[in-house]
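Open the model in your viewer and keep the selection tool ready.

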Amino acid sequence: MIEHDVIIVGGGLAGTRAAVEIARTDPRLSIAVVAKTHPIRSHSVAAQGGMAATLKNVDDQDTWKAHAFDTVKGSDYLADQDAVEILTREAPDVVIDLEHMGVLFSRLPDGRIAQRAFGGHSHKRTCYAADKTGHAILHELVANLRRYGVHIYDEWYVLRLILEEDQVKGVVMYHLLDGRLEVVRAKAVMFATGGYGRVYNTTSNDFASTGDGLAMTALAGLPLEDMEFVQFHPTGLYPVGVLISEAVRGEGAYLINAEGDRFMSNYAPSKMELAPRDITSRAITKEIRAGRGAHQDGSAGGPFVYLDLRHMGREKIMSRVPFCWEEAHRLVGIDAVHQPIPIRPTVHYSMGGIPVNTDGRVRSGADGLVEGFFAAGEAACVSVHGANRLGSNSLLECVVYGKRTGAAIAQYVQSRKLPEIDEQRYLTQAEQQVQTLIDQPGEYRIDQIRQAFQDCMTDHCGVFRTESVMKEGLEKLQAIRQQAQRIYLDDKAKLWNTELTEALELQNLLIVGEIILTGALNRQESRGAHCREDFADRDDTNFLKHTMAYYSSAGIQIGDRPVAITMFEPQERKY
Ligand SMILES: Cc1cc2nc3c(=O)[nH]c(=O)nc-3n(C[C@H](O)[C@H](O)[C@H](O)COP(=O)(O)OP(=O)(O)OC[C@H]3O[C@@H](n4cnc5c(N)ncnc54)[C@H](O)[C@@H]3O)c2cc1C
């Protein structure tokens, strides 16, 4: 059995930042990071636009409290305000700390870190490295893992969380290279497994964003929080769905419909293109529904609108958002200096996740914490984003809460012994799970089932939701789950069996999808990214609370948890 003081699942920004903090706090600890990709291929590397912090380099009127207010208003008042206070107060220090580690942020002419405008933020406070911010930060953090001697298990797939007697004791993992199974025991386990964009058929997320950590947590009998809040990013490149960063609008790009109108004047006149993402995605969807979307030949009635950069000029486009220009050029043949880019909303971010307190400790329910278990980053829900996340607050969350969680773990493990685990029992169960998938005769290909599932979620739990459509979706999902038990694999070997990985991921996607749909059906109001056509208003009397969803094979139970309101009383949300 492998042993470490701490095992962190996930090599993105949250996992690596936590590992660095643990090593800095107590260099004697044995720390390991496991990732099913190489750590620098985690989705964090694709983050483009930047990371918010009130450095006041461009706007000296900015304050952490203004950042906190924007975040809480953006969240449609569902964020926990104690967690938001920590996020926004600690932001400047974590950015400076990253700079000291060597992150190459873009600069102002006087050498200070540059900051740009972003949707829903009242001041220019987003720090960036051109439109490759995640790349710049993750590479430094991974270099630091090596510097601090953190053990890296790359291309190992974690299959199971070991939870016994209300204590997390370790994980079971599978080596993608050769199929070897291992049980790892640790004094603390941390999940930083990222999001679940692949639940939907059009997403900005990478292929690895399959919600594994969420599904493993749910299967262990622990709750997931606020899973109905799925962020649709307004500007997914049509038709592929990859992201054209909000930084492009932050730098001045327009949204126009097939008639050439800047339609945001009808939806958010004071913020226009820099309204928060939920509002902007709904505006685009309404334009398309009303027949003002465009077709490829430019005629009206089509499935996308345009992001227009032409007035920005070549020099600004190439210096501030060169990667977005390149994406449009390479993937759909558009030269954004001269042509508008076709876009429509794409699934982007998970506001909900594994419920944690502000030290990253996982909650066992409305009260109570799980021993030995921590989480941070997109997989977690400390609830700084509530019902809708503001752009450039996620990288910030990963770094602030990655760091805090790391510090908390370094303390926590001091008083803990390595837990006892019946290694053989877990190995046998995992071996059976894998072998059953490989051996079963089956009648469906993985891709067939995954596509049917992703289409079902997209059609039945998208930007706009209604009870009848969601109920129908849940019924379809039950049928798809039955079929998913009858998939077959062509590849029967253990060496680099990518089909096997996809089969395991599919099981996780199905669990996460069912929790999203059930939470969405239960929340009979419209708040942030969750927009019910049959309950058009926010309902603070009945729904100003977090959803806690408990999964079991018998069905999903919905409970709740109160929202921490410490600074700003809920108001009507207008832009
Ligand atoms: C295209 C794009 C652009 C973005 N731009 C911005 C931006 O400009 N600003 C901003 O604030 N946010 C942005 N975001 C959001 C932000 O990048 C993410 O929320 C954040 O990086 C998530 O980091 P993470 O560490 O939580 O997880 P990730 O970076 O997703 O890493 C997850 C890790 O978990 C591992 N893992 C998962 N499952 C398993 C398993 N079963 N076994 C082993 N390992 C596993 C993966 O291998 C990976 O290492 C963007 C997101 C996208 C998709």
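Predicted model: local features only at pLDDT ≥ 70, side-chain atom pairs only at ≥ 80, totals over all residues.

Select strand 13 (residues 305–308) together with strand 14. The two run antiparallel and are joined by 3 bridges. Zoom in on Tyr 306: it stands opposite Pro 342 in strand 14.

Pick His 233 here; its bridge partner in strand 14 is Thr 346.

Next, select helix 7 (residues 277–289). Its end C-alpha atoms lie 18 Å apart; this agrees with the 18 Å that 13 residues should span at 1.5 Å a residue. Colour the helix by accessibility. Because 10 of its 13 residues are buried, helix 7 is largely enclosed by the rest of the structure. Among the buried ones are Arg 277, Asp 278, Arg 282 and Glu 287. The nonpolar side chains of Ile 279 and Ile 284 are on the buried list as well. Step past the helix to Gly 291, where phi is positive, near 85 degrees.

Last stop: the surface. Select Leu 177, Leu 495 and Trp 496. Together they form a nonpolar patch with about 310 Å² of accessible area. Centre on Leu 495, in the loop between helix 13 (467–484) and helix 14 (498–522). Buried or exposed, how does Leu 495 count? Its relative accessibility is 58%, so it counts as exposed, the cut-off being over 50%.

Technical notes: Residues numbered from 1 in each chain as written. Heavy atoms only, no water. Patch = residues over 30% accessible without salt bridge, like charges linked within 9 Å, V, L, I, M, F, W, Y side chains within 5 Å. Areas by Shrake-Rupley, 256 points an atom, 1.4 Å probe, with all protein chains shown as cover. Salt bridge = Lys/Arg side-chain N within 4 Å of Asp/Glu carboxyl O. Helix = DSSP H or I, 4+ residues; strand = E, 2+ residues; numbered from the N terminus. Buried < 20%, exposed > 50% of the residue type's maximum accessible area, 1.4 Å probe, protein only. Pairing = 2+ DSSP bridges. Expected span 1.5 Å × (residues − 1).
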